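Please walk through the fold shown below.

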Amino acid sequence: MSASALTTDPRLKLVDRTIKKFDARGDALLEVLNTAQEAFGYLSPELIHYVSHELRVPIARVYGVATFYHLFTFKPKGEHTCIVCLGTACYVKGAGDIVAALERDFEVKSGGTTQDGKLSLTTARCLGSCGLAPMIVVDGTVLARNEPAATVERVRAATTTKVVS
Ligand code: FES
């Protein structure tokens, strides 16, 4: 992902919100990285640079912290990623059923990647667009007001197209 693609990515809003919540303090680095990983599924070099810049923390330190904790990954696991928001607004509108349907249909557990490496399924806390609940993000595209069967179809369509990055 290029730096310009990153700045227009809707998932960055979530990272920005966490940065703002902590007044862009450097000691919020772990929390911000956690949000970034949750929103994007992994920490790209562009994302690491962004966090470093926004928190005014040297890039080496960002990498140092990110590599110290095993929960962070630096590469997308699957060819495609689907993030289902499980924040309160999305959850009450059926996000749990969406996760269950995706897990069943793609034979993958939340937090995992399908055996063929095509799809990584993750969940996140509020992605900051509750009016779109229940919302999911497939390969960086926000999809609003989802329901289980249609979501499975949309994700299936996405996983049969090649990612161009
Ligand atoms: S709870 Fe899903 S976007 Fe806020």
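**Contacts of Ile-136**

Leaving aside its neighbours within four places in sequence, Ile-136 is in contact with Cys-82, Ile-83, Val-84, Cys-85, Ile-98, Leu-143, Asn-146 and Thr-151. This is a predicted model, and the contacts described here are computed from it.

Ile-136 belongs to the largest nonpolar core, which has 37 residues. Within that core, Ile-136 is among the residues with the most contacts, together with Ala-36, Val-51, Cys-82, Val-84, Cys-85, Leu-102. Eight elements each supply at least two residues of this core: the helices α2 (12-21), α3 (29-40), α4 (45-55), α5 (59-68) and α7 (95-106), and the strands β1 (80-85), β2 (119-124) and β3 (136-138). The element that gives the most is α7, with six residues. The core also draws at least three residues from each of domain 1 (3-68) and domain 2 (80-160). In soluble globular proteins, nonpolar side chains tend to be buried together.

The strands come next. Four of them form an open sheet in the order β2-β1-β3-β4, and the pairing is mixed. The edges are β2 and β4 (141-143), each of which pairs on one side only. On average, neighbouring strands of this sheet are turned by 20° against each other, direction ignored. Between β1 and β3 there are three bridges, and these two strands run antiparallel. Which residue of β3 is the bridge partner of Ile-83? The partner is Val-137. Ile-83 is also one of the residues in contact with Ile-136.

The remaining topic is how the two parts of the chain meet. The chain is divided into domain 1 (3-68) and domain 2 (80-160), and the C-alpha centres of the two domains lie 22 Å apart. Across the boundary, nine residues of domain 1 are in contact with 11 residues of domain 2. On the side of domain 1 that touches domain 2, α2 and α3 each supply at least two residues, and α2 gives the most, with three residues. What is the make-up of this side in nonpolar, polar and charged residues? Its residues divide into three nonpolar, one polar and five charged.

Notes:
Residues numbered from 1 in each chain as written. Predicted model: local features only at pLDDT ≥ 70, side-chain atom pairs only at ≥ 80, totals over all residues. Core = buried A, V, L, I, M, F, W, Y, C linked by C-beta atoms within 7 Å. Buried ≥ 20, exposed ≤ 12 C-beta atoms within 10 Å, placed from the backbone. Helix = DSSP H or I, 4+ residues; strand = E, 2+ residues; numbered from the N terminus. Domains from an automatic or database assignment. Contact = placed C-beta atoms within 7 Å. Pairing = 2+ DSSP bridges. Axes fitted to C-alpha atoms, helices over the stretch in contact; angles between N-to-C directions. Nonpolar A, V, L, I, M, F, W, Y, C, P; charged D, E, K, R; others polar.
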